[in-house]
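User: I would like to learn how to read strand pairing, helix packing and charged contacts in a model like this one. Could we go through them one at a time?

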Amino acid sequence: MVVSSSDIPRIIGRIRSDWAVGDESMARLLECLHPCDFPKRTLLVRAGERCRSAFFIENGITRSFWLVDGEEITTSFSEEGGIVFSMDEMYYNRVSEEFVETLEPVNAYRIAVDDIQRLWSSDLDWANWGRVIHQNEYRRLHRSHKERLTLPAKERYEEFCRQFPLVIQRANLAFIASYLGITPATLSRLRSR
C-alpha cells in the first residue's frame, strides 16, 4: 500500500512543526512507511530484543518503560504525531533496554530503522528534523530529571499536565505516578485537590 500525505495528517503536522521538511523530502519518507494497527497493550519494542522498526503514531498513545526488579518504571509517553523506537537499537546497534507499549488502540506507520538512518544521512531536511526532535527530547529529559530532584509532587504533576494534556486524560494513573516518581495514592490526592 502506498502511503499518501492525506493518510497521515497528524504525523506530517507534527514533523513540520519541528522542522520545515520539504515536499520532496516528505515524499521520500512516504515511500518508506507501512501502515499498521495495534490493539491496546501491544509491545511495539521489547527489552532484550531487536525491533528493527520505528513507529510514527497517527492515532493513539504509547508509553516507554523499564523493568527494574520486576517493577515497571515509566520513562516517557508519546501521542499522535510522535515517533517511538528503541534508542539503543537506533543509535548503538544494540538490543533495546526498554519497552514501548500501546495504551490504547494505535494506528501507526512503521519505518525500518535502516530507512530512517538512510534518510538522516542522505537528506538535509531529515537530518535537521532528526536533530531537532532529539534536542527537544533531550530538553524534556533534562527538565524531567531536574523537576524530580527539585519540585514537590504537586508541582511535578502540574508540569506534567502542561506537557502532556492528552496523556493525563487517557493514561492509567499508575503509569503517570510512575513517571512522576510518586505513588498512585499521592497522585490520586493531588488530582482531587
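Analyst: Let us start with the definition that strand pairing rests on: two strands pair if DSSP finds at least two bridges between them. Please keep in mind throughout that this is a predicted model.

User: How many bridges join strand E4 to strand E5, and in which direction do the two run?

Analyst: As a general idea, strands of a sheet pair through backbone hydrogen bonds, in either a parallel or an antiparallel manner. Here E4, which covers residues 62-68, and E5, which covers residues 71-78, are joined by seven bridges and run antiparallel.

User: Which strands form the open sheet that has E1 and E6 at its edges?

Analyst: That open sheet also has four strands, arranged as E1-E8-E3-E6 with antiparallel pairing. E1 and E6 each have a single partner strand, so one side of each is left without a neighbour in the sheet. E3 and E6 run antiparallel and are joined by two bridges, and Phe55 stands opposite Val84 in E6. The helix that packs on this sheet is H4, which touches E3, E6 and E8 and whose direction makes about 70 degrees with that of E8.

User: When I look at a helix, how should I judge which side is buried, and which residues of H2 are buried?

Analyst: The cut-off to apply is that a buried residue has under 20% relative accessible area and an exposed one over 50%. In H2 (residues 23-32), the buried residues are Ser25, Met26, Leu29, Leu30 and Cys32. Seen down the helix axis, these buried residues fall within an arc of 160 degrees, so they line one face of H2. The face turned away from them carries the exposed residues Asp23, Glu24 and Glu31. As for partners, the buried residues of H2 pack against helix H1 (9-18), strand E1 (34-38), strand E3 (53-59), strand E8 (106-112), H4 and H5.

User: Is Asp123 buried or exposed, and which residues does it touch?

Analyst: Asp123 lies in the loop between helix H4 (113-122) and helix H5 (124-150). With a relative accessibility of 6%, Asp123 counts as buried. If residues up to four places away in sequence are left aside, it touches Ser25 and Arg28, and the side chains of Asp123 and Arg28 are joined by a polar contact of 2.5 Å.

User: How many salt bridges does the structure hold, and what do individual cases look like?

Analyst: There are 15 salt bridges in the structure. One of them brings together the side chains of Arg10 and Glu80, at 3.8 Å from N to O, and this pair links distant parts of the chain, since Arg10 belongs to helix H1 while Glu80 sits in the loop between E5 and strand E6 (83-84), 70 residues apart. Arg10 is partly exposed at 43% relative accessible area, whereas Glu80 counts as buried at 16%. The two also belong to a network of salt bridges that links Arg10, Glu80, Glu104 and Arg170.

User: What is the N to O distance in the salt bridge of Glu72 and Arg63, and how far apart in helix H6 are Arg162 and Glu159?

Analyst: The side chains of Glu72 and Arg63 meet at 2.2 Å; Glu72 is partly exposed, with a relative accessible area of 34%, while Arg63 is buried at 1%. Arg162 and Glu159 also form a salt bridge, their closest N and O atoms being 3.2 Å apart. Because they are three residues apart in H6 (residues 153-163), about one helical turn separates them. Arg162 counts as exposed at 57% relative accessibility, and Glu159 as buried at 14%.

Key. Residues numbered from 1 in each chain as written. Predicted model: local features only at pLDDT ≥ 70, side-chain atom pairs only at ≥ 80, totals over all residues. Heavy atoms only, no water. Buried < 20%, exposed > 50% of the residue type's maximum accessible area, 1.4 Å probe, protein only. Polar contact = N/O pair within 3.5 Å; in protein donor to acceptor, adjacent residues only side chain to side chain. Contact = heavy atoms within 4.5 Å. Arc of directions from axis to C-beta. Salt bridge = Lys/Arg side-chain N within 4 Å of Asp/Glu carboxyl O. Axes fitted to C-alpha atoms, helices over the stretch in contact; angles between N-to-C directions.
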